[in-house]
Each structure stands twice: as C-alpha cells, then as structure tokens.
Amino acid sequence: MKLWHVNTTARGGGVAEILDALCRFPQPESQLTHCRFVTSRNTDVFTATKRIHHRLHGVDRGGLPDEREHAVFLEFAEQNALRLLPHLAAQDTVLLHDPQTLPLAPILAEAGVPVAWRCHIGTAAINNVADETWQYLSRFWPPGITLIFSHQSLVPAQAAEHRVEIVPPSIDPASAKNELMSATEIGDVLASVGLTGPRSAPVRHDHELVSEGRLGSDPVILQVSRWDPLKDMEGVLRAFAGSALHRSAQLVLCGPSPQSVADDPEAKTVLENVVRQWSGLPTAIRSRAHLVCTALDDEVGNARVVNALQRRAAVVAQRSVQEGFGLTVTEAMLKARPVVATRVGGIPSQIAHNETGLLLRGSAGDDEFSEAVDCLLNDTARASGLGRAAAAHAAQHFTTSREASDHRRIFAPSFHRNEERID
C-alpha cells in the first residue's frame with residue numbers, strides 16, 4: 001500500500017524535509033510505502049494561501065481569498081488532481097499537506113481515493129480571524145476525510161465531525177542536517193560561508209552572508225527559521241542589540257534564501273526589513289550580528305550549514321509569534337542545545353519549561369527574552385543540563401521512526417497490529 005504525500009515544494013521548509021525523510025525511511029516488506037507528489041507552482045495561489053497561513057495563526061494580513069482567487073484555487077486543485085490520479089493504484093491513500101493542497105481533497109474523494117489532510121500550522125488561541133478561516137477551509141473536507149494535526153490544542157472546533165489524528169512532526173537524526181560533526185568539520189563549514197577564519201578566506205557564492213565581522217571564540221546565540229513575520233527575526237535582532245547580550249555573545253540569524261522557497265512570497269520583504277534594521281545598528285553591535293541565507297539548490301550544503309551553526313551555538317532561540325510546531329526547535333534539542341522559545345502553538349509540546357529548555361510568554365518583551373538567554377550564557381552547567389535532557393526527549397519522541405509508526409497506525413492498522421504483536 002502506498003501513501004502519497006502531496007505538498008507544494010520539493011525543498012525548503014519543514015514539510016519538505018519531513019516528507020523527504022519519510023520517503024527515504026527503510027520500509028519492511030508489506031509495510032506502508034511513502035511516495036511524494038509535488039504540485040505545480042502558482043503565484044496567485046501561494047499569495048492567497050500565505051494570507052491563510054497568517055489567518056490560521058489569528059493574524060489578518062489581507063482577508064480570505066476573494067472570488068477570483070477562490071476560482072484560481074479551485075483550478076489549481078483540479079489541474080494537480082488530474083496530474084496525480086494516473087499515478088494512484090486501487091489501495092493507495094493520499095495525504096495532502098497544508099492549505100495549499102486542501103482543495104484537491106473533494107476531487108480525489110469523488111474519484112474514490114481515500115484522502116487525508118495534515119495541517120502543520122495553527123494556533124491554540126482561536127480568535128475571529130482564525131475561526132473564519134477554519135470555516136473557509138472546512139468546506140473542502142469531504143465525508144470520510146482524516147484530519148491530522150501536530151498537537152491536540154491546534155484542532156479547531158470545525159473538525160469535531162471528522163476523524164482526527166495527532167502526529168507531531170519529526171526530524172531524521174541521520175540526515176545531513178542532524179548527523180554528528182567534528183569540531184574541524186564545523187569550523188570548515190562556518191569558514192566556507194565567511195563566519196570564521198581570516199577575512200581573505202574564500203566565501204561560497206551559493207550562500208549569502210550579511211556580516212562585517214567574524215564569530216571568533218565568543219558564544220553564539222542562534223535563530224534558524226524562514227524569513228517570515230511570525231518568526232520575529234527582527235525581534236531577536238532588536239533584543240540582542242538593545243541589551244548587554246551584544247557585549248558577551250554574537251548573534252546569527254539564519255534562513256533560506258527567499259529565491260529558494262517558491263510558496264512564500266513574503267520572505268524577500270521580511271529579509272530586506274531585517275537587513276535594513278541591521279544596517280542601522282552602531283558599528284560595534286553590527287559587527288557582532290550576522291545574517292546568513294542558505295541556498296536550497298544545494299540541499300546537502302544548506303543542511304550542513306544549519307547543522308554546523310546549531311552545534312556551534314551556545315543558546316538557540318525560537319522567538320516565534322505563532323508556531324504550529326518548531327522543527328528547528330527539535331533539531332537544536334537533538335543536538336543538546338539549550339533552547340529559549342516562546343510558549344505558543346505546538347512549542348510547549350516540545351519543550352518542558354526548566355526541564356528541556358526555557359519557555360517565554362507569547363507576549364514576552366525584549367527584556368524577558370534577553371534575561372533568559374543571558375541566564376543560560378552565564379550558567380553553563382544549567383545550560384548543559386537542559387541540553388542533555390532535550391536531546392534525550394527529542395530522540396524518544398520526535399524522530400522519523402516514530403512518525404513512520406504513526407502513519408502505519410493510521411493508514412495501515414492491520415499491519416501495525418501485527419507489528420506490535422511481533423515486537
């Protein structure tokens with residue numbers, strides 16, 4: 001039996017990484033096989049669904065799709081359903097990922113294909129904006145659809161009449177982004193993007209660096225995320241520059257090059273805003289803050305840059321305004337890094353405060369953020385203890401093997417029961 005995962009990008013973002021890992025995961029004979037289908041690109045659809053993305057987090061940045069956008073959305077779904085259907089066999093199931101793909105669901109269901117939809121985003125703090133958006137999306141849920149969410153708190157009221165499953169996202173410990181790296185390898189990778197070494201050292205042109213200094217031996221504060229307003233990269237930079245952190249540590253903000261992420265039309269503007277903010281800092285502070293854009297065209301190179309940065313970091317931040325589930329949080333945890341993150345969305349299901357990391361209030365100001373980071377920089381024993389506990393927790397709960405088991409439970413229950421008896 002094949003489970004076909006449908007999403008909008010072959011690379012870039014957590015969903016693409018999850019699906020790539022699942023499709024590479026070893027599958028015993030007769031087990032559920034994971035396959036991948038990537039939709040065509042459509043700028044109008046991605047612009048509208050980016051607004052939906054924000055609205056599912058309770059933020060109104062332009063309203064629901066209008067009549068014209070809705071028609072384009074439906075046409076996009078029909079075109080991609082027609083592309084997908086010839087690949088499906090009688091026993092196959094289709095799992096659609098996130099709002100961009102959801103309108104395929106009624107088309108596939110009408111063709112007799114078992115269909116499920118997985119929403120990787122959302123907020124537990126439902127307001128009128130989010131509720132109105134769920135009302136819009138729920139019209140695409142055909143009878144019999146299975147709905148999958150990252151955490152129980154993210155399940156909307158509209159899902160009550162449908163089968164709901166909870167599947168936390170996962171990472172692959174054996175991937176280039178998470179595999180072990182020696183100190184020499186870490187140094188070589190960071191030198192290749194211009195963050196360490198002499199200023200005359202060659203910098204790879206497939207990665208972009210905005211920096212006037214080098215990391216040296218100072219502790220590093222790191223945030224890795226897309227250039228998205230909900231990730232609040234600007235807030236991290238502002239807090240760093242406005243506190244004593246810049247005197248004892250250095251900051252790295254790392255995200256994918258906007259040109260590499262087809263379904264995120266806001267990334268270029270957000271990055272430009274961060275660069276403008278960085279440019280306005282005093283020289284002494286600006287030289288200790290570094291912006292890195294990784295090129296997803298080189299998947300292994302991008303992964304190794306993120307891996308090296310996370311392993312070099314003394315503290316990893318995730319100051320998201322909203323977050324369905326933070327894969328970069330899990331990546332840092334698996335590497336035994338202490339994480340300071342906001343208590344929003346699915347992050348509290350990843351981090352137990354004061355046990356596997358530190359959680360801040362969703363409305364935390366710059367002072368609270370800076371104090372939490374500074375506390376870990378000045379108490380290395382506590383930071384190490386949180387990191388070790390985080391690594392054990394992530395390895396047990398948030399790896400590809402666990403997610404593959406969840407999919408067997410949901411989509412191949414008879415095989416899963418036999419598997420459990422064998423174990």
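The legends below describe close-up views of a predicted model.

Local features are given where pLDDT is at least 70, side-chain atom pairs count only at pLDDT 80 or more, and totals for chains, interfaces and linings use all residues. Residues are numbered from 1 along each chain as its sequence is written, and side-chain values use heavy atoms, with hydrogens and water left out.

**View 1. The open sheet of 6 strands has the order 2-1-3-4-5-6 and parallel pairing.** Strands (E, at least two residues) and helices (H or I, at least four residues) are DSSP runs numbered from the N terminus; two strands pair if DSSP finds at least two bridges between them. Strand 2 (33-38) and strand 6 are the edge strands, and each pairs on one side only. From one strand to the next the twist averages 25 degrees; axes are lines fitted to C-alpha atoms, for helices over the stretch in contact, and angles run from 0 to 180 degrees between N-to-C directions. Helix 3 (residues 67-84) packs on this sheet and touches strand 1 (2-7), strand 2 and strand 3, contact meaning heavy atoms within 4.5 Å. The direction of helix 3 makes about 135 degrees with that of strand 2. Strand 3 (residues 93-97) pairs with strand 4 in the parallel sense over 4 bridges, and His97 has Arg118 of strand 4 as its bridge partner.

**View 2. Strand 5 (residues 146-149) is covered on both faces.** Thr146 and Ile148 lie on one side, Leu147 and Phe149 on the other, and all are buried; buried means under 20% relative accessible area, exposed over 50%, and partly exposed in between (1.4 Å probe, protein chains only). In a regular strand the side chains alternate between the two faces of the sheet. Strand 4 (residues 115-119) runs parallel to strand 5 and is joined to strand 5 by 4 bridges, with Ala116 partnered by Thr146. The chain passes from strand 4 through helix 6 (residues 128-138) to strand 5 in a right-handed β-α-β crossover: with the strands pointing away from the viewer, the path from the first strand over the helix to the second runs clockwise. Strand 6 (residues 163-166) is also parallel to strand 5, again with 4 bridges, and Val164 is the bridge partner of Leu147.

**View 3. Tyr136 lies in helix 6.** Tyr136 counts as buried because its relative accessibility is 4%. Not counting residues up to four places away in sequence, Tyr136 touches Ile52, Leu64, Pro65, His70 and Phe73. Pro65 is 71 residues from Tyr136 along the chain, and their C-alpha atoms are separated by 9.2 Å.

**View 4. An open sheet of 7 strands has the order 7-10-9-8-11-12-13 and mixed pairing.** Strand 7 (208-210) and strand 13 (358-360) stand at the edges with a single partner strand each, so one side of each has no neighbour in the sheet. Neighbouring strands are turned by 20 degrees against each other on average, direction ignored. Strand 7 pairs with strand 10 in the antiparallel sense over 3 bridges, with Glu208 partnered by Cys293. Strand 9 and strand 10 pair in the parallel sense over 6 bridges, and Cys254 stands opposite Val292.

**View 5. Arg226 is placed in the loop between strand 8 and helix 8.** Leaving aside neighbours within four places in sequence, Arg226 is in contact with Lys50, His53, Lys231, Met233, Pro256 and Asp264. Arg226 and Leu253 are 27 residues apart in sequence and 9.9 Å apart in space, C-alpha to C-alpha. Helix 8 (residues 233-241) lies across strand 8 (220-224), strand 9 (250-256) and strand 10 (289-294), and runs at about 170 degrees to strand 9.

**View 6. Helix 13 (residues 327-334) crosses helix 15 (residues 380-397) at roughly 115 degrees, and their axes come within 7 Å.** Helix 13 contributes Thr330, Met333 and Leu334 to the contact, and helix 15 contributes Gly387, Ala390, Ala391, His393, Ala394 and Ala395. The residues of this contact divide into 6 nonpolar, 3 polar and no charged; Ala, Val, Leu, Ile, Met, Phe, Trp, Tyr, Cys and Pro count as nonpolar, Asp, Glu, Lys and Arg as charged, and the others, Gly among them, as polar.
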